[in-house]
Amino acid sequence: MAFYINSYEQYTEDYTRALLNPEEFWADIANNFEWSQSWDKVLEYDFSEGRNQWFINAKLNITINCLDRHAAATPDKLAICWEANSPETPNRQYTYKELLDRVCQVANGLKSKGIVKGDRVCIYMPMIPELLISVLACARIGAVHSVVFGGFSPKALAERMQQAEAKMLITSDVAYRGEKVIDILTAARVAYQISPTAKQMLIFDRSGEGKTYPEQSFSDFDSVANAQSTHCPAEIMDAEDMLFILYTSGSTGTPKGIVHTCGGYMVYTGYTFANVFQYKEKDVFFCTADIGWITGHSYMAYGALLNGATQLMYEGVPTYPDASRFWQLIEKHKVTHFYTAPTAIRALMALGDEYVQGWDLSTLKVLGSVGEPINEEAWHWYNEQVGKERCPIVDTWWQTETGGIMISTIAGISQSIPSWAGYPLVGVQMAIMDENGEEIHSNEADGALCLKTPIPSLLRTTYGDHNRCKNTYFSAYPNHYFTGDRAKRDAEGRYRIIGRMDDVLNVSGHRIGTAEVENVLNQHIEIVESAAVGYAHPIKGEAIAAFVIPFAPVEDKNKLFAELQFMISKEIGSFSKIETLVVVTGLPKTRSGKIMRRILKKILANEPDYGDISTLLNPEVVEEIAQQVSSLK
Ligand code: WT7
C-alpha cells in the first residue's frame, strides 16, 4: 500500500480502507518508519474512559526517524535554513548530518546536567535553531519537552513549569522581534526562581554578548554543547512513552498539559505532512508558526523532518523591516510550500498589495492556512496575490489535542472552496451532533463537531490529571471526543468550521480561555466581577471585550483600561490583551448565577434577538449593556 496519496480515487479508497480496517491501515503506514521493535497490537481504546493507545509494545526513537535516517541517506541535504529577525544578520544552515551532530551534542549536554529519560524540560526561547535542537535533544534521550511560547509572561511560564515539575529550563538571553529587543532572560529567571523542581538553566547567548551568570546552576548553552561528543545513542522508547507536554487553554481552570506520545504522534504527523502538503523531495517548506504552539511542533520540529524535508525557519515578525519580508524570504529561498495563519494574511492584506508585488513567488506550489477560520476575502487575496491563482490552498483544521491535521483538502488532489476546510483525512471519522446530543446522519448538518474513533496522534491524557481529560473531551457526547468547535457539513461531505462553542477565544490564532482573562480582571482592586467575550475583528479574527462591574463609579476609564492591560500582560502575556472595555452595573445571569456570555456576544455583534431573557435573574441589565456598547461605537 502506498504512503502517498496520488489521486482523488486513492484518497477515497484509502479512506474506505481505514474506515473498515483501521488497524491494518495504520500498520501499513507505520511500516514506513523505523522501529526498534514492532507492535503486538495496533490500537486499544475506550473513549468512555478517555483512553487510546497505539502500537502497543512497539519501540522506537522519533529522532532516528527525523535525523539518523536522513543523515545516513542524504547527509548533505539541507534540513534547516534559519533567517534572523534582522535581514542584516547572516543566515544559518544545518544539513541533516550537521543537525544530527548538534542534536547529539546538546542531548549529551542535557545528560551531563543530570537529565534522564522521563524528566520534564521546559523550553522558553525565540524562534532560533537552538529551540528546535533543544526539542529534538530532549526526544533523543527520552526527556519530555514542554515548550512554552516566548510571548508568555513569567507567571504563565512558572505555572507551566510547576505543573510539569520541570527539572530544567532552556532559554536565551534576549529575543528579537521586529524593532524590539525582549529581555527574555529576566522573565525566565523569575519563573525559574519560583519553580522548586527546576535545578538547571541553560541560556543561549542570542545577543552574542558573552554574558556570564553568578548563579551556579546557570550555564551557557553553547559551552555545554560544544564540550560534548557528536554521538549520542538514541534512547529506545515505548510507543506510548510521553514525547511532550504542550499546555493549552480551555474553557475552565488553568491551562491543560496536553500529552502526546512517541509512536502514534510520529506516524500521524509524518503521514499528514507528506500528504496534505504533497511535499516532494526537493521542495522547501516554510511554516511561519512558532514552535511554542502545536503547529510548530507537528509540522516543523517533527512532520517536516520525518519526511527529510528542507525547511526555512524565521525568527521575526511578518512586518519587519516591512510588510514584504515573507515574500522576500520566499524569493530568496525558493520556497515551494508556505504555511501561515489567517491573521497574518489579513494583516499583510491591510497594508497593501504593493508589498507582495514585484517579488518572484513562482517557486510556490502549495499554500496552507491554520489556526482559525479563513474568511473569503483573505482566502481570495492569498490565492490571487500570493499564489497567483496557481497554488492550491489547504485550509487545515486541527487542534493541540489532535496533534495533527484532521480536516483539510489534499493539495492539488481535492478541490478547495474558500472558508470550507474540506474533507476529513484518511483515518478520520468526524460526527456532527444536534442539540440533543444525537449524531446528525444526513450529509448536510450543523452542530457540535466530534470525533468518533481515535487517530494515532489524539491526546493520551492531560498531564497529571486524567479525569480532567475525560471530563473535558469525552463526556459531553458519550463515546465521542468533543472538539469544542461548531461545524457545518455540506451535501458533498465538506466541513466548514464556524468557531468555538465553549468559552475559548481565538485571538490572532492564539487560544485563550475566557476564564483566564476574567481571573486577571477580577484581581483589579476596583473590580467586583467581569466577563470576557470575543467579537469579530477584521485583523485578529476575534478580539476580546471585557465587561466589568466596578465597586464604585469609574472616574478615569482610560486609566482603568491601561491598568487592566498591564495586568494581563504580566499574568498571561500581551497577546491576550483586551480590545474593548465596557463598564457596567451588572452582568446578565441565569437564576443559578451563571453569566450569560451568549447574550453579551449578541450585544457585541449588534444582533438584538437575545432570545428569551425574561428567565434571567436580572433581565433589566441587558438593555443597559446594549446602550453602553452602542455608545462606544
Ligand atoms: C482551535 C485549536 C491547529 C493548530 C493551531 C491552533 C481553531 C484551528 C482552524 C481552521 C477554523 C481552526 C479551532 C480549533 N482552528 N484551525 N483551519 N479553521 N478553525 O491550535 O491552539 O489547539 O486551537 O483553533 O477552533 O478548535 P489550537
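## Sheets, helices and cores in a predicted model

The buried residues of helix α14 pack against β2 (51-56), β15 (256-261), β23 (461-462) and β24. Here, buried means under 20% relative accessible area, exposed means over 50%, and partly exposed lies in between, with a 1.4 Å probe and protein chains only. Contact means heavy atoms within 4.5 Å. Helices (H or I, at least four residues) and strands (E, at least two) are DSSP runs, numbered from the N terminus.

Before going on, a word on the model: it is predicted, local features need pLDDT of at least 70, side-chain atom pairs count only at pLDDT 80 or more, and totals for chains, interfaces and linings use all residues. Residues are numbered from 1 along each chain as its sequence is written, and side-chain values use heavy atoms, with hydrogens and water left out.

Let us return to the helices. Which residues of helix α14 (residues 466-473) are buried? They are H466, R468, C469 and Y473. Seen down the axis of α14, these fall within an arc of 160°, so they line one face of the helix; the arc is that of the directions from the helix axis to the C-beta atoms.

Helix α13 (residues 376-386) has its own buried set: A378, W379, W381, Y382, N383, Q385 and V386. The packing partners of that set are α11 (325-333), β18 (337-340), α12 (342-351), β19 (366-370) and β20 (393-396). After α13 comes K388, with a positive phi near 50°.

Now for two open sheets. Two strands pair if DSSP finds at least two bridges between them.

Strand β24 (residues 481-489) is joined to β25 by five bridges, and the two run antiparallel. Across from K488 stands R496 in β25.

Strand β29 (residues 541-550) pairs with β30 in the parallel sense over four bridges, and V548 has V583 in β30 as its bridge partner.

What about the nonpolar cores? Such a core is a set of buried Ala, Val, Leu, Ile, Met, Phe, Trp, Tyr and Cys residues joined through side-chain atoms within 4.5 Å. The largest has 125 residues, and W26, W35, F55, L99, Y302 and M406 have the most contacts inside it. Leaving aside neighbours within four places in sequence, Y302 touches residues including I62, C66, V135, L243 and H297. Another core, of 44 residues, lies apart from it, with A191, I512, I568 and I572 among its members.

Finally, the cysteines. How many disulfides does the structure hold? There are zero, where a disulfide is a pair of cysteine sulfur atoms within 2.5 Å. C122 is in no disulfide, and the nearest cysteine sulfur, that of C138, is 9.7 Å away. C122 is also buried, with a relative accessible area of 0%. The sulfur of C287 is 15 Å from the closest cysteine sulfur, in C66, too far for a bond, and C287 counts as buried at 1% relative accessibility.
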